[in-house]
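Please look over the sequence and structure first.

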Amino acid sequence: MAQLFFKYGAMNSGKSIEILKVANNYEEQNKSVLIFTSGIDTRDEVGYVSSRIGLRRKAIPIFEGTNILQYVKDQEPTPHCVLIDEVQFLNKEHVLQLAEIVDTFDIPVMGFGLKNDFQNELFEGSRYMLIYADKIEEMKTICWFCARKATMNLRVDGSGKPVYTGDQIQIGGNDSYYPVCRRCHSNPPL
Ligand SMILES: [Zn+2]
């Protein structure tokens, strides 16, 4: 039986490169994959999976009203696997569609994304992936400032100061994010 996977990790934990790797593995065996990403514009170009090491490829952007289930239904033949980048930005309805894709077509669906936002609240997509996924896997990376595991994301403003309030998703702006451990999140050496 195919499963719904939620692979989460802090910033820079290699989520996008993993998507590109999984897609490549399928395609090497002549199996087709559908790659989606959130259509929310957070500086990266919309409609691409971009990895930090420079590799990138086109992906289908998911907007508020996108029906992912219908999109997969319309494919002929049915893809062998569905991959989603930035799954944290999806809404509950999207996540239910992902579960239905797995259950209807018996193909694996893998969602990759952040678990918690910079204020340590769950993103909507992540909340429902935690509830609906068959398999939940942490992608590990190290804290930007020390040697502990990074489990949180620190928002830093344009002048290098940590930020703890504001909108969950920033469109534009010049804030940046660092993968950090819990201690460095509340007390970053900045
Ligand atoms: Zn740390």
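## Annotated binding site

An unreviewed UniProt entry lists Ile169, Gln170, Ile171, Gly172 and Tyr177 under "binding site". Positions follow the numbering used here, feature names are shortened, and annotations may be inferred rather than shown by experiment. From this set, Ile169 is in the lining of the second largest pocket. A pocket is an open set of points on a 1 Å grid over the protein atoms alone, with protein on both sides within 12 Å along at least five of seven lines; lining residues have an atom within 4 Å of a point.

The model is predicted: local features need pLDDT of at least 70, side-chain atom pairs count only at pLDDT 80 or more, and totals for chains, interfaces and linings use all residues. Residues are numbered from 1 along each chain as its sequence is written, and side-chain values use heavy atoms, without hydrogens and water.

## Gln170 and Gly172

Gln170 sits in the loop between strand S10 (162-163) and strand S11 (176-180). Gly172 lies in the loop between S10 and S11. Gln170 is partly exposed because its relative accessibility is 27%. Gly172 has 30%, so it is partly exposed too. The class runs between buried (under 20%) and exposed (over 50%), using a 1.4 Å probe and protein chains only.

The side chain of Gln170 makes a polar contact with that of Asp175 at 3.5 Å. Such a contact pairs N or O atoms within 3.5 Å; within protein, one must be able to donate a hydrogen and the other to accept it, and residues adjacent in sequence count only if both atoms are side-chain atoms.

## Helix H3

Buried residues of H3 include His94, Leu98 and Val102. Just after H3, Asp106 takes a positive phi of about 55°. Helices (H or I, at least four residues) and strands (E, at least two) are DSSP runs, numbered from the N terminus.

Definitions and conventions
1 Å grid on protein atoms, 1.4 Å probe; cavity = no way out; pocket = protein on both sides within 12 Å on 5 of 7 lines; lining within 4 Å.
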